[in-house]
10 protein chains.
Amino acid sequence: MDKKQMTEIILDTKMKKEVSWDDLATATGLNPVCVAAACLGSASLNDTEAAAVVKELDLGIEVEKMLKVFPLKGEGQVVPSDPLIYRLFEIAYVYGASIKEVTHEKFGDGIMSAIDFTLDVDKVEDPKGDRVQITMTGKFLPYKKW
Amino acid sequence: MDKKQMTEIILDTKMKKEVSWDDLATATGLNPVCVAAACLGSASLNDTEAAAVVKELDLGIEVEKMLKVFPLKGEGQVVPSDPLIYRLFEIAYVYGASIKEVTHEKFGDGIMSAIDFTLDVDKVEDPKGDRVQITMTGKFLPYKKW
Amino acid sequence: MDKKQMTEIILDTKMKKEVSWDDLATATGLNPVCVAAACLGSASLNDTEAAAVVKELDLGIEVEKMLKVFPLKGEGQVVPSDPLIYRLFEIAYVYGASIKEVTHEKFGDGIMSAIDFTLDVDKVEDPKGDRVQITMTGKFLPYKKW
Amino acid sequence: MDKKQMTEIILDTKMKKEVSWDDLATATGLNPVCVAAACLGSASLNDTEAAAVVKELDLGIEVEKMLKVFPLKGEGQVVPSDPLIYRLFEIAYVYGASIKEVTHEKFGDGIMSAIDFTLDVDKVEDPKGDRVQITMTGKFLPYKKW
Amino acid sequence: MDKKQMTEIILDTKMKKEVSWDDLATATGLNPVCVAAACLGSASLNDTEAAAVVKELDLGIEVEKMLKVFPLKGEGQVVPSDPLIYRLFEIAYVYGASIKEVTHEKFGDGIMSAIDFTLDVDKVEDPKGDRVQITMTGKFLPYKKW
Amino acid sequence: MDKKQMTEIILDTKMKKEVSWDDLATATGLNPVCVAAACLGSASLNDTEAAAVVKELDLGIEVEKMLKVFPLKGEGQVVPSDPLIYRLFEIAYVYGASIKEVTHEKFGDGIMSAIDFTLDVDKVEDPKGDRVQITMTGKFLPYKKW
Amino acid sequence: MDKKQMTEIILDTKMKKEVSWDDLATATGLNPVCVAAACLGSASLNDTEAAAVVKELDLGIEVEKMLKVFPLKGEGQVVPSDPLIYRLFEIAYVYGASIKEVTHEKFGDGIMSAIDFTLDVDKVEDPKGDRVQITMTGKFLPYKKW
Amino acid sequence: MDKKQMTEIILDTKMKKEVSWDDLATATGLNPVCVAAACLGSASLNDTEAAAVVKELDLGIEVEKMLKVFPLKGEGQVVPSDPLIYRLFEIAYVYGASIKEVTHEKFGDGIMSAIDFTLDVDKVEDPKGDRVQITMTGKFLPYKKW
Amino acid sequence: MDKKQMTEIILDTKMKKEVSWDDLATATGLNPVCVAAACLGSASLNDTEAAAVVKELDLGIEVEKMLKVFPLKGEGQVVPSDPLIYRLFEIAYVYGASIKEVTHEKFGDGIMSAIDFTLDVDKVEDPKGDRVQITMTGKFLPYKKW
Amino acid sequence: MDKKQMTEIILDTKMKKEVSWDDLATATGLNPVCVAAACLGSASLNDTEAAAVVKELDLGIEVEKMLKVFPLKGEGQVVPSDPLIYRLFEIAYVYGASIKEVTHEKFGDGIMSAIDFTLDVDKVEDPKGDRVQITMTGKFLPYKKW
């Protein structure tokens, strides 16, 4: 079994048993984005978390072990053509330089970490149409000079 | 004058006069990311906003006019190698599919708009190291069937 | 079963039973382009629509379920070399900037939505040779400033 | 003078004199998209049309001559990152195969010409938000066997 | 069965039975390049032609049906590295702009159709070494203005 | 002066003096495609030919010398988006493998040379619309084994 | 069986039977590079040569036939990352323009054929470390003007 | 002055003074390919060699200094479309894997150095057409294990 | 069996038996990075080393043989999106030119060998957070002139 | 003045005045790689450091100011063809996955920071040929789950 087969089994079972990402989040005590990343093969879980996912979906030890393997992250199209995912690239194309300017003004030379990092996806209700809110929080890492 | 020359003049003057993005935000009533996007040539301003930028920086009518032109957005490297901007791509590579899963679970088939959209960059103070918080909020656009 | 296998089964059955896209459009109450997009794995159907497709083609529950899954859209060649599909790219290369100019003149800064969007393919009879007419209608989304 | 310089002069003058694409369309008897394509360097004009553009904008013989030169069409990014233009690529990614299926069903094996071709951009008023309508009409060219 | 499997079966049988493209051309009344394009999956045949190919090679109904399906044309490397095929790209790199100049001089603004199009490959005997002659004939399509 | 400047001067003068490629072909005794290739910087001329071009256009010694320099051939877009030039790539995508099959059947393993090679562009009059005929003739080069 | 399967069988057998490329070269009367090219699927053999390879490795008629098929040459990475193969690309990047200059000075405008071509790999013993010597010899093909 | 300007001056003077690469090779005691590499900006010269080039061409101290700067080597197209240079890539595509096999058989795991390396371009006279001979000799570098 | 299957078997067994890279390093007398490279298919082992790996993991002769085959190194994404591996590319983007400058200043024109080369990954304990230390040591190869 | 012009002036002056990176390192109290990165436009300096560079090279206030601007880092070729810089990519291609395995074994899931990071280039004298030693030390950043 590899990560790809693990993902197929999980998605298939999840659909059949009608388990949601929210259910898996509750079961593991993690954010739904974070547990989805592990199930899709872009993150790893610890013993307790992996056991919780497998129990919730009633899967076997092979899946449980594979959930704990440190993954090779982020294989796929260089620029994805799926419209939902592409919008994240478009935001980087249109606002990337502006985010850089404002971050530098507030923090100095450095970056937002994408490792010591959390991400939430929330629904903001709005009479003119509900809104998707994505909140990214990453440690500021100042450039070290030496 | 084109957008590129406009940006050079603005950045040069901004550095010499020590005007910050926050100053320009206050002057225009806009978010600093939003006014930076306009000054960097990825967004347009209306009459009042353009006048405010030009007044704050003490620049001429040519710059003011150019700030109001609708821009060709987002030219540059397909995958930028600047570390701060690249992290936005890395987040999309590692968490893009998870964001898609969770958004679909919460909203159904559709996307977060990158047009009817706002973006804030904030500093979250933390004794273990300050954190950069990027909050994106976009209207959910459900796929229309016909 | 995944979307790709679903498409293979549908196309195979469709050819053997000589069911047309128009038949599937009638059965579902959708536009033929829209129902084709779902059968080719670029869109999802609701319960009634999926049931109608499966009934028309006399297929099973697996296909029906898969038609309702929200798809990862648009995988393939970055610039397709099939002549019919390439022409859509050629039109964007040759007239994209002009469409941008005229749209901005009529609507201001913003875009045509590709999500809140419909598309028709029609035959326009013409003694000098029939013509293909593609009509795209998408909601205008003005750039929001914040 | 080359096409690029011609475009710069035309856009500059057009902005200063506040001439619209609609004005140039009226002056030349062409569709605004078509005259914009010529002014942006993706199409050529005949003697009368070029003279009309130059007269409307009060420009010289050099621009007039250059408008009549047959252009090298469509140079730029392989996949443009400007959001408005990118949507045309997204439509081709998501619906290209469906357009192909439906076109083949209605016409047989062949393509829609992008040369013997017209394109309109219209505003469709709608209380829920105005809509952009793009209508493409191209001669059907059946594959010739030999 | 898909186009790729169809091609494998045809090439395999063709080699075992020692049937040439010329034999298939005679059987179908088509040019050898044209019938090869259909067998390799880049063109479709009508009922009579498909039946003739299948009869000549003594294959079954599945292959016959698949030969009539309208193909997705031209998948492969963006720039093929096979030397024979690459030379066609090299000719376009070295002489493409010259062909454009001379075509425009003889015909005005427009293109040679690659759809209403025939192509012959002939052997021209020459004491200094035989020569390959490729003759392409396509309808001139003038750019339509509108 | 480099090849690019040479080309600009030649094209500019050619337009002003209304000299055609046919005129330059007659003056040099070369095919119009061949002389255009030299003037566009993809081929070199000998002393007599360069002198003839320069005389016909009434240009100076600098241009004459530059026409004789052996060029770096074929710089530009990997896959050109100009519709006329792209059709040559499309023909290679759709028929390249078929041309390979038929050439191998007629000649054995080897290629058509693109160096010991001639190319003609002709107009074939046709009541249903004139046709562009491109005839390529290149020496067959058999693969040498050693 | 296709070329890829043929190569797998040959390499597997070659390793098990400890047959060297030199042995296959002796058996066929060809250069080791040339016979390796055929076994790896980038060249074809004639009847005698294919029979000799198959006899030396004790393989069957399927492999023998496949060795005689004219191959689609050179599929793989655009720029290979294997260090040994990459060095050939590096040499072309660093010395390509110089080889072009010197070749033109010695021969005029034209190229070294890669078809009427031989290539040897030799070991040159050297007390400071043995050296790899690659000798390429190709017919000079002068550019033909027409 | 940068390397690019240095190359322009050298090539311009070399053409005007009719100095050959062989002359520069004699003047410097280097191989013509090696001195051409330095003049084209892909290699550096030592004091004596740089002085000899500058003396032969009667150029100034700026060029002499720039010839001694260690260059950034090999900028240009990823896969060059100039036919002479492309042939080197084609050889690597078609024979790269075979060269690898034979080198490994003769030397073990390792590579031919492209740094401790020489390259000659020679003319081999042949009644059937002269041949270009390129001889590359590089130190074998065995993979070091540790 | 090929290298890919070999790697799958080794990784699978390694996980099940809980053998570490350090264990395999001790067993073979090699650095953990070096033995990992062999097990992942990017390096080859000699007889003793391959036997030691196979003994430690209790695997068969097929794996042992395959570990000794000289590999095709480095297939994968042109720029990997896995964050840990990408950082190596980022370091080259940000500091590559500086490493070049300093190396040239210390050694003259030449490079660090990536073949006669060793690489260590060490943990440097630090109260503010442990640090990863990567030490690369490669023979300096001066550019040879000839 | 922009970063590119700043770099040109610094490199030019540095060559004329024969100031080394070591001199600039001593003057600023930084590592030579670190100060070179700033001078080449990939890092920024603080007030004292920038003043020291400018004093050492006897340059003006414009350069000093520009050295303090936070740079857009790492623009250039996606995969550099300069042999010295390419070796860093080759090391990542050949050993990247192994470095990942060993890092994960020693530290768990996470990465080596390229921001909180130092890099030294040293000369290790060796009778068989001096060696380049590159030591990278970056903080280990464990993946945060949330």
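How many helices and strands are there in chain A? Chain A contains six helices and two strands (DSSP runs, with helices being H or I of at least four residues and strands E of at least two, numbered from the N terminus). This is a predicted model, in which local features need pLDDT of at least 70 and side-chain atom pairs count only at pLDDT 80 or more, while totals for chains, interfaces and linings use all residues. Residues are numbered from 1 along each chain as its sequence is written, chains are lettered from A in the order in which they are written, and side-chain values use heavy atoms, with hydrogens and water left out.

**Chain A**
- Along the sequence, the elements of chain A follow the pattern α-α-α-α-α-α-β-β.
- The C-alpha atoms of chain A fill a box of roughly 50 × 50 × 30 Å along the principal axes.
- Of the 146 residues in chain A, 60% are buried (buried means under 20% relative accessible area, exposed over 50%, and partly exposed in between, with a 1.4 Å probe and protein chains only).

**Salt bridges between chains**
- Over all chains, the whole structure holds 90 salt bridges (a side-chain nitrogen of Lys or Arg within 4 Å of a carboxyl oxygen of Asp or Glu).
- H:Arg87 forms a salt bridge with E:Glu90, with the closest N and O atoms 2.6 Å apart. This pair crosses between chains, from helix H6 (residues 83–107) of chain H to helix H6 (residues 83–107) of chain E.
- H:Arg87 is buried, with a relative accessible area of 2%, and E:Glu90 is buried at 1%.
- F:Asp109 and G:Lys73 meet in a salt bridge of 3.0 Å, N to O. F:Asp109 lies in the loop between helix H6 (83–107) and strand E1 (110–124) of chain F, and G:Lys73 in the loop between helix H5 (61–68) and helix H6 (83–107) of chain G.
- F:Asp109 is buried, with a relative accessible area of 11%, and G:Lys73 counts as buried at 2%.

**Surface charge**
- A patch of negative charge on the surface gathers residues including A:Asp2, C:Asp2, E:Asp2, G:Glu8 and I:Glu8 (patches are made of residues with over 30% relative accessible area and no salt bridge; like charges are joined within 9 Å, and nonpolar side chains, namely Val, Leu, Ile, Met, Phe, Trp and Tyr, within 5 Å).
- G:Glu8 lies in helix H1 (residues 3–17) of chain G, and G:Glu8 counts as exposed because its relative accessibility is 52%.

Technical notes:
Areas by Shrake-Rupley, 256 points an atom, 1.4 Å probe, with all protein chains shown as cover. Lys, Arg positive; Asp, Glu negative; His and termini not counted. Charge placed at Lys NZ, Arg CZ, Asp CG, Glu CD.
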